[in-house]
Amino acid sequence: MPNFYTDNNDLKFILHNIDLQEILKYRENNYKETEKYNHAPENYADAIDSFHRVLEIAGDLCANRIAPRAEDVDKEGAKCVDGKVTYAAGTYENLKELTQADLMGAMLPREYGGLNMPVTVYSIMNEMVSQADASLQNLFGLQDIAETISKFGTDEQKAYYLPKFSSGEVDGAMSLTEPDAGSDLQAVQLKARYDKETDKWYLNGMKRFITNGCAKVHLVLARSEEGSKDGRGLSTFVCEADERLVVRRIEDKLGIHGSPTCELQFNDVPAELIGKRRRGLSRYVMSLMNGARVAISTQAIGIAEAAYREGLKYAGEREQFGKSIDKFPAVYEMLLSARSRIAAARVLLYNTCKYVDYRDMYEELYERDTADLPEGLDKKKIRTELKRYTKIAAVLTPLSKAFSTELANKVAYDTIQIHGGTGFMRDFPAERFYRDARITNIYEGTTQLQYVAAIGGVMQKTLAPMMDELSHIPFEGRLRRLASKVDVMRENLYNAIEFISNKHDQEYHDLMAGRLCEMEIAVYVSYLMLRDANIDSVRVDLTERYILDILPKAQMDYSVIMRGDVSIIDNKKNILSY
C-alpha cells in the first residue's frame, strides 16, 4: 500500500538528518516528561523514532484514505445555506479519521492532550495532508490558532480551549482580513468594546476572506483603542461562535473547494483578550502570520509533490510514436526540473522550520522566571539568542513561502502540459492541482509582499554567517566544482547588496527587492543542498540539477541590479501607457 511518508525519501532524510537535539531536549524538559507521561520519549533517538512512527500513521492515512476522497471533496465543495456552513461529506470523514488517529493538537503540550511536536515535524505532517487534499490542510493546518493560545493565553484560557483542540471537539479560524483591510492589517476597523459592568469585551464589525470562517473558535484582530487609526490601536481576541457571529456567505472560488472561505458579521460577540492590549498586530498576529507562512509553504510543496507524481505516472503510461512520453527530452526535462526544485523548496522550508523552533524555544525561555531557567542559561544569553533567531526566522519564513508557492504553480502548470489536452479535463487531477496551487502565492501575503517582508534582512546580510559557514564544508569532486560556482554566486550577492545600499535610491531599492531576494534564495538553498548531498550521495544529481538550473537566473538578476539603470523608473508612465 502507498504511504506518503515511507514512499518519500526526502521526508525521511529530513527527519533523520536535521538536527533537533537542543530543541527536543528543551521541549521534553530534558526528557523528564517520562515521569508524567509513559508515552513520552526517553532520549533523542527515542523521540525521533516516535515521530517516525506517527508520520508513518499519517502517511498511510493521507495516501489511502484522504487522497482517494479528494476528487469528490473538490466537486461537492463546502456550502452555506441560511448562514449554516457544511463541508463535503469526505471532509467530515477526513477530520474524523485524523482525530481518531490522535493527530490533532500536534504541537500542543501533553498536559492538554497534544503530541508536543516541534514545528519542523508537524510541517512534515502538514505537507502530506496537502499532498492528499490541499483544501483539508486549510482546516488541519489551522492548529497554529491553538498554538497561539498556548503561547500567549492565560492559564484559564489554555485549560479551557487547548484540550478541545487536541480532541477535535473544536476547530479554529484566523479572523483578520476585512473588506478594506487586506494586506494592510493596520487598517482593521472591527471594533472591540469593553463593558465595565460585565467585565467583558464585545466585537462588532465585518471580516472577509476568512478561511474556515465557520469554525467554533476564532482569533480576531480588532480595534480596541477608541480613536486610534494604526496598528497600535489593535488587540487580539478569542471568541466562540454563536448566533451573534453570522456567516453571511462563502466565496465561490477557483480552487481549494473543500475549505470554506467566509464573510462574517460580528454582532456584539463576547470575547476575551489574548495577551496585552495594543499588541495584537505587532506581536500576536505577526507570530500567527509567521506560522501561516510556514503552513502555506508546506501546502504548496504538498501540491507540487502531488502534481509531480501525477505527471510522472502519466508520462510513464502514455505512449506516442511507439514509446512512453517520459522518454522524450521535452517531457523528462520538465520532470527533472520539477523534482530538483521540489527538493530545493523542501530543504529551504525545513531549515526555516528549525530556526522557527529555535526562536519559539528562546521566546518561551525568555518569559520564564530566572529561577526556572535551565542550567547554564541566563536572561542575557537568552535575549541574545532570541534576537538572533527572530531575525533569521523573519527572513526565512517569507523567502520560503515565496519560493515554495511560485514553485507549486510552475509544477502544476507543467503537469497539465505533460498531460496535454487531457490535463485540461476533469478526468484527471492535474487541473485540480493547478487550481489549488494558484491561491498559495496570494493568501497570507502575496509573493511580492514576501519580498517586502524579507528584503530588510537580506540587505542586513542576516543569513551571511550561515552561508559563509556552509561554504567551508570540505566538499570534494563534483560537489567541490559545484560549490565553487555557488561561491561566485555568493560574492555576486554581497556585491549587489553593497551596490544597492550605496545607491541611496529607495525606489530603485524597492524595484530590485525581488531580484535580490531570489539571489538570496538561490545561494542559500544551493549551499543547503550541497551540504545534504555531502551526507547522502543519492542527492548529488538533484543538487547538480538545481544549481545548474538556477545559475543563469541568478547571473541575470545580478547583471540587472549592477547595471543600475533607473530609466524604467523615470519612464514608467510612458512605458505603462498606450
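## Exercises on pockets and cavities

Helix 11, helix 18 (513-535) and helix 19 (540-563) each contribute at least two residues to the lining of the largest cavity. The model used in these exercises is predicted.

**Exercise 1.** State which residues line the largest cavity, how they divide by class, and what volume the cavity has.

*Solution.* 
1. The volume of the largest cavity is about 50 Å³.
2. Its lining consists of Ala343, Val347, Met529, Asp532, Arg539, Leu542 and Thr543.
3. Sorted by class, the lining of the largest cavity has four nonpolar, one polar and two charged residues.
4. Because Asp and Arg count as charged, Asp532 and Arg539 in this lining belong to the charged class.

**Exercise 2.** Describe the second largest cavity and find which helix gives the most to its lining.

*Solution.* 
1. The second largest cavity has a volume of about 40 Å³.
2. Around it lie Tyr308, Met334, Leu335, Ala338, Val411, Asp414, Thr415 and Ile418.
3. Helix 11 and helix 12 (379-419) each supply at least two residues of this lining.
4. Helix 12 gives the most, with four residues.
5. By class, the lining of the second largest cavity has six nonpolar, one polar and one charged residues.

**Exercise 3.** Characterise the largest pocket by volume, lining and the helices involved.

*Solution.* 
1. The largest pocket has a volume of about 1300 Å³.
2. Its lining comprises 48 residues, and Tyr26, Pro109, Ser150, Lys151 and Glu364 lie nearest its centre.
3. At least two lining residues come from each of helix 2 (21-27), helix 6 (119-132), helix 8 (144-152), helix 10 (280-317) and helix 11 (329-367).
4. The lining of the largest pocket divides by class into 16 nonpolar, eleven polar and 21 charged residues.

**Exercise 4.** Give the volume of the second largest pocket, and identify the element that gives the most to its lining.

*Solution.* 
1. The second largest pocket holds about 1100 Å³ of space.
2. It is lined by 43 residues, of which Met289, Ile442, Tyr443, Glu444 and Gly445 are the closest to its centre.
3. Helix 7 (134-140), strand 3 (172-175), strand 5 (200-211), helix 10 and helix 14 (447-459) each supply at least two residues of this lining.
4. Helix 10 gives the most, with eight residues.
5. The class division for the second largest pocket is 22 nonpolar, 14 polar and seven charged residues.

**Exercise 5.** How many cavities of 30 Å³ or more does the model have?

*Solution.* 
1. The cut-off for the count is 30 Å³ or more.
2. With this cut-off, the count comes to three cavities.

Methods: Residues are numbered from 1 along each chain as its sequence is written. This is a predicted model: local features need pLDDT of at least 70, side-chain atom pairs count only at pLDDT 80 or more; totals for chains, interfaces and linings use all residues. Side-chain values use heavy atoms; hydrogens and water are left out. On a 1 Å grid over the protein atoms alone, a cavity is a set of points where a 1.4 Å probe fits but cannot get out, and a pocket is an open set with protein on both sides within 12 Å along at least five of seven lines; lining residues have an atom within 4 Å of a point. Grid points are joined across faces, edges and corners, and a volume is the space filled by probe spheres set on the points.
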